[in-house]
Amino acid sequence: MVRNSPRIYLDYHATSPVDIRVAHQVMHYMTEEFGNASSIDHVFGDKAELAVALATNEVAHLVGCSPKEVVFTSGATESINLAIQGFISSEKVFKIAILPTEHKAVLDTCSALSKKGLAEIIFLKVDSQAQIDLDHLEKTCSKGIDLLSVMAANNEVGTIYPIQQVGEIAQHYGIPFLCDGSQAVGKIPINFSEWGITFLAISGHKFYAPKGVGALVIKRGQRLKPLIYGGGHQRGTRSGTLNVPGIVGLGEACRLRSMEMAEDEQRIAQQRDRLQSLLQSAIPHLVVNGDLQHRLAGNLHISIPGIPNSAVIARVRNQLAISTGSACSSGVETPSHVLTAMKLPSEVIEGALRIGLGKFTTDDEVEQAESILISAVQTIQSVLRN
Ligand code: PLP
């Protein structure tokens with residue numbers, strides 16, 4: 001398991017280890033209570049159905065929605081696709097306003113629809129900290145758009161967006177509002193009902209549930225065209241036999257986050273701040289990216305100008321798991337679209353490293369990570385000098 005391994009895992013934005021308490025529940029619903037939640041003729045089905053109902057309540061409790069508004073999916077990518085593709089129709093060209101810093105799940109879905117002539121994409125403005133320009137948002141909304149997509153927190157630089165204010169603006173102009181909550185749910189408070197969100201995408205594996213399970217919260221009364229047709233599960237919005245173990249795991253992870261999030265995130269922020277100051281004192285020209293006043297507790301996104309990030313990764317990769325950007329785009333040799341949208345200087349972009357701490361990160365790992373990183377940077381600096 002990652003947390004017992006001698007290698008240090010600081011890539012929690014990409015994914016998190018499953019909490020052992022969640023894993024026990026998942027296992028139980030795989031091997032003991034393995035019924036199909038749609039089987040109405042025996043108690044195996046009844047128990048699975050009940051487990052799904054309880055998990056639904058936990059999701060609803062964590063994000064402040066009604067259990068009736070929760071639809072389980074395979075993760076945030078599917079949830080986002082369902083929200084956007086399910087929302088639009090071929091009747092007209094839908095105007096969709098999005099942040100340029102959105103995840104590819106939003107960007108690529110919109111761009112595919114735009115290529116088909118079904119959508120027109122309007123990019124909202126962000127500043128050099130990836131923060132949204134609310135005046136520009138308001139102007140854009142006042143001109144009339146059909147759908148707004150603003151993520152709750154960015155997966156690269158950790159910037160937290162003012163979702164409540166965005167929701168108020170969206171509501172004022174009567175615009176349906178999709179919020180990608182993948183990096184935020186379970187890390188910061190979210191209130192779906194009170195914040196004017198219409199669709200909220202949730203990804204289990206970002207907060208200690210397994211990969212391949214997530215949810216889309218859909219405001220009551222809002223209808224979406226299904227992407228997947230079949231047995232009419234989940235009120236017809238998302239057919240397919242329910243992934244009961246995954247859903248139970250998601251529910252358990254939500255229950256634990258509701259209880260433990262505040263304390264865990266406070267400790268994680270302290271560890272992040274310690275790592276940041278250790279690195280800053282050892283590397284004087286280190287740049288910290290993102291909105292430092294509104295940043296995920298576990299996010300530390302740094303740039304060491306003049307030191308290519310690939311050189312650092314190559315030196316540390318067997319001991320320390322950090323990344324150059326989002327997992328989904330690593331391996332692709334293009335500069336991060338998030339850092340590009342922030343208009344950061346090219347040497348800051350080329351030197352960018354994303355460090356992600358989570359609830360299993362120890363103080364000892366923070367110290368070790370610091371010395372691994374500093375020794376890598378010093379070695380590269382001496383190679384570059386000679
Ligand atoms: N949105 C954001 C902001 C993410 O960070 C991710 C995952 O990296 C996704 C969407 C996609 O989530 P999933 O892996 O559940 O499909």
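Phe34 sits in the loop that links α1 (20-31) and α2 (43-63); helices here are DSSP runs of H or I with at least four residues, strands are runs of E with at least two, and both are numbered from the N terminus. This is a predicted model, in which local features need pLDDT of at least 70, side-chain atom pairs count only at pLDDT 80 or more, and totals for chains, interfaces and linings use all residues. Residues are numbered from 1 along each chain as its sequence is written, and side-chain values use heavy atoms, with hydrogens and water left out.

Together, domain 1 and domain 2 bury about 3000 Å², with 52% of it on carbon and sulfur atoms. Buried area is the accessible area (1.4 Å probe) lost by two parts on being put together, summed over both. On the domain 1 side, Val18, Met261 and Leu296 give up the most area to domain 2, together 23% of what that side buries.

Charged pairs come next. Side chains of opposite charge can pair when their charged atoms come close. A salt bridge needs a side-chain nitrogen of Lys or Arg within 4 Å of a carboxyl oxygen of Asp or Glu. The whole structure holds 14 salt bridges, and three salt bridges are counted between domain 1 and domain 2. Two examples from the structure follow.

| Salt bridge | N to O distance |
|---|---|
| Glu260 and Arg21 | 2.8 Å |
| Arg255 and Glu252 | 3.0 Å |

Arg255 and Glu252 both belong to helix α7, where they are three residues apart, about one turn of the helix.
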